[in-house]
Amino acid sequence: HDLKPGADEAKRFNAQMKLAVAMEDHDLPALRQALPAAKRVGVAGEEVEAAEYMLSVLSLGEERTALDLQGAIRELTRGVAELDVRASRLERLSGHLEERVWRGLEPKIEQIVEGTVKKFSSALESITATVKESLSSGGSQMSVSM
């Protein structure tokens with residue numbers, strides 16, 4: 001198929017416009033698409049060279065962004081691992097602390113319970129003795145046994 005000279009010019013103009021818009025917008029995907037088409041239809045060498053330069057610069061920026069993102073992910077992963085280690089240490093520490101508190105409280109609780117039982121027993125013995133005395137001095141036949 002032989003194209004009319006006007007058709008070639010229209011294709012070249014269309015490719016040149018797409019290339020210019022992609023460059024102006026710094027649109028890397030559009031630039032990647034427009035550059036080969038511009039070369040095929042014979043867009044001027046200076047424009048193609050400028051587009052190739054811009055493509056390389058934008059590609060480097062894209063790679064750098066990807067590397068920055070990978071670095072940020074590594075740092076975040078490291079931070080999460082450190083927090084996990086700290087949480088594990090705190091969990092062990094809280095377990096030890098709980099044991100120590102209970103070891104310290106057990107004897108005190110036992111003392112309080114023993115003291116309360118002694119006081120109650122003593123009071124009960126006193127009441128029992130008073131009731132027995134009262135019954136025996138009153139001449140009643142009632143007896144209280146424990």
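This is a short chat about a predicted model of one protein chain.

Colleague: How many helices and strands are there in the protein chain?

Modeller: There are 3 helices and 0 strands, where helices (H or I, at least four residues) and strands (E, at least two) are DSSP runs, numbered from the N terminus. Residues are numbered from 1 along each chain as its sequence is written, and side-chain values use heavy atoms, with hydrogens and water left out. Since the model is predicted, local features need pLDDT of at least 70 and side-chain atom pairs count only at pLDDT 80 or more, while totals for chains, interfaces and linings use all residues.

Colleague: What does helix α3 reach from its first C-alpha to its last?

Modeller: Helix α3 covers residues 45–138 and reaches 133 Å, close to the 140 Å expected at 1.5 Å a residue. That expected span is 1.5 Å times one less than the number of residues.

Colleague: And where does α3 bend?

Modeller: At Leu 105, by about 25 degrees, and Pro 107 follows within four residues. The bend is the angle between axes fitted to the seven residues ending there and the seven starting there.

Colleague: New topic: what percentage of the residues count as buried?

Modeller: Of the 146 residues, 13% count as buried. Buried means under 20% relative accessible area, exposed over 50%, partly exposed in between (1.4 Å probe, protein chains only). In α3 the buried ones include Val 48, Met 54 and Leu 135.

Colleague: Is Leu 97 buried or exposed?

Modeller: Leu 97 sits in helix α3, and counts as exposed because its relative accessibility is 52%.

Colleague: Which salt bridge involves Lys 39?

Modeller: Lys 39 pairs with Glu 52, at 2.6 Å from N to O. Glu 52 lies in helix α3 and Lys 39 in helix α2, so this pair ties together parts 13 residues apart in sequence. A salt bridge here is a side-chain nitrogen of Lys or Arg within 4 Å of a carboxyl oxygen of Asp or Glu.

Colleague: How many salt bridges does a search of the whole structure find?

Modeller: It finds 3. Another one joins the side chains of Glu 9 and Arg 12, at 2.6 Å from N to O. Those two both lie in helix α1, 3 residues apart, about one turn of the helix. Arg 78 also forms one with Glu 75, with the closest N and O atoms 2.4 Å apart.

Colleague: Last one: which residue has a positive phi although it is not a glycine?

Modeller: His 26, at about 50 degrees. His 26 is in the loop between α1 and α2.
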